[in-house]
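Biologist: Before we discuss any details, could you put the sequence and the model on the screen? I would then like to go through them by question and answer.

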Amino acid sequence: MYTDGPSESPHRYSDGALCMWYPYDASEQRWIRDDGPAALLGHVVAHLLREEWWRSTGEWPGQEAPHGT
């Protein structure tokens, strides 16, 4: 998933895609196709709000999984 706007974030891939969940999380913790597009948009909005909070405070609100550079 890609978005316009500020891209500085500890939770973006090197190509700018949002890193919204750990790929091996349980299906309850990430979006799956059966959840539908509205649920996916909810994940995107929540992620972008977390990014904005991080830019303002330096703290990431919510769970984080380790990922490489």
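Biologist: Which residue follows helix 1, and near what value is its phi?
Modeller: This is a predicted model, and the angle is one computed from its coordinates. Helix 1 is followed by Gly58, and the phi of Gly58 is positive, near 85 degrees.

Biologist: What span does helix 1 reach from its first C-alpha to its last, and what is expected?
Modeller: Helix 1 has 21 residues, for which 30 Å is expected at 1.5 Å a residue. The distance reached from the first C-alpha to the last is close to that expectation, at 30 Å.

Biologist: Which residues of helix 1 are buried, and what arc do they cover around the axis?
Modeller: The buried residues of helix 1 are Leu40, Val44, His47 and Glu51. An α-helix has 3.6 residues a turn, so residues three or four places apart point the same way.

Biologist: Which exposed residues are carried by the face of helix 1 turned away from its buried side?
Modeller: To count as exposed, a residue must have over 50% relative accessible area. On the face of helix 1 that is turned away from the buried side, the exposed residues are Ala38, Leu49 and Ser56.

Biologist: Is His47 buried or exposed, and which residues does it touch beyond those up to four places away in sequence?
Modeller: His47 is found in helix 1, and it counts as buried because its relative accessibility is 3%, where the cut-off is under 20%. Not counting residues up to four places away in sequence, His47 touches His11, Leu18, Cys19, Met20 and Trp60.

Biologist: Where is Ser9 placed, and which residues is it in contact with, leaving aside its neighbours within four places in sequence?
Modeller: Ser9 belongs to the segment before helix 1, which runs over 37–57, and at 15% relative accessibility Ser9 counts as buried. A polar atom of the Ser9 side chain lies 2.9 Å from the backbone nitrogen of His11. Leaving aside neighbours within four places in sequence, the contacts of Ser9 are Glu51, Trp54 and Trp60.

Biologist: How many salt bridges are there in the whole structure, and which residue forms one with Arg12?
Modeller: Side chains of opposite charge can pair when their charged atoms come close. A search of the whole structure finds three salt bridges, and in one of them the closest N and O atoms are 2.8 Å apart, the partner of Arg12 being Glu51. Arg12 lies in the segment before helix 1 and Glu51 in helix 1, so this pair ties together parts that are 39 residues apart in sequence. Both partners are buried, and the relative accessible area is 1% for Glu51.

Biologist: Are Glu52 and Arg55 buried, exposed or partly exposed?
Modeller: The class between the two cut-offs, 20% and 50%, is the one that applies here. Glu52 has a relative accessibility of 42% and Arg55 one of 27%, so Glu52 counts as partly exposed, and Arg55 counts as partly exposed.

Biologist: How many aromatic pairs does the structure hold, and is the pair stacked or edge-to-face?
Modeller: The structure holds one aromatic pair, made by the rings of Tyr22 and Tyr24, whose centres are 5.6 Å apart. Tyr22 is partly exposed at 36% relative accessibility, whereas Tyr24 is exposed, with a relative accessible area of 70%. The ring planes of Tyr22 and Tyr24 stand at 65 degrees, so the pair is edge-to-face.

Biologist: What distance separates the C-alpha atoms of Ala39 and Cys19?
Modeller: Ala39 has its place in helix 1 and counts as partly exposed at 29% relative accessibility. Ala39 and Cys19 are 20 residues apart along the chain, and their C-alpha atoms are separated by 16 Å.

Conventions. Residues numbered from 1 in each chain as written. Predicted model: local features only at pLDDT ≥ 70, side-chain atom pairs only at ≥ 80, totals over all residues. Heavy atoms only, no water. Helix = DSSP H or I, 4+ residues; strand = E, 2+ residues; numbered from the N terminus. Buried < 20%, exposed > 50% of the residue type's maximum accessible area, 1.4 Å probe, protein only. Polar contact = N/O pair within 3.5 Å; in protein donor to acceptor, adjacent residues only side chain to side chain. Contact = heavy atoms within 4.5 Å. Expected span 1.5 Å × (residues − 1). Phe/Tyr/Trp six-rings, centres within 6.5 Å; stacked < 30°, edge-to-face > 60°. Salt bridge = Lys/Arg side-chain N within 4 Å of Asp/Glu carboxyl O.
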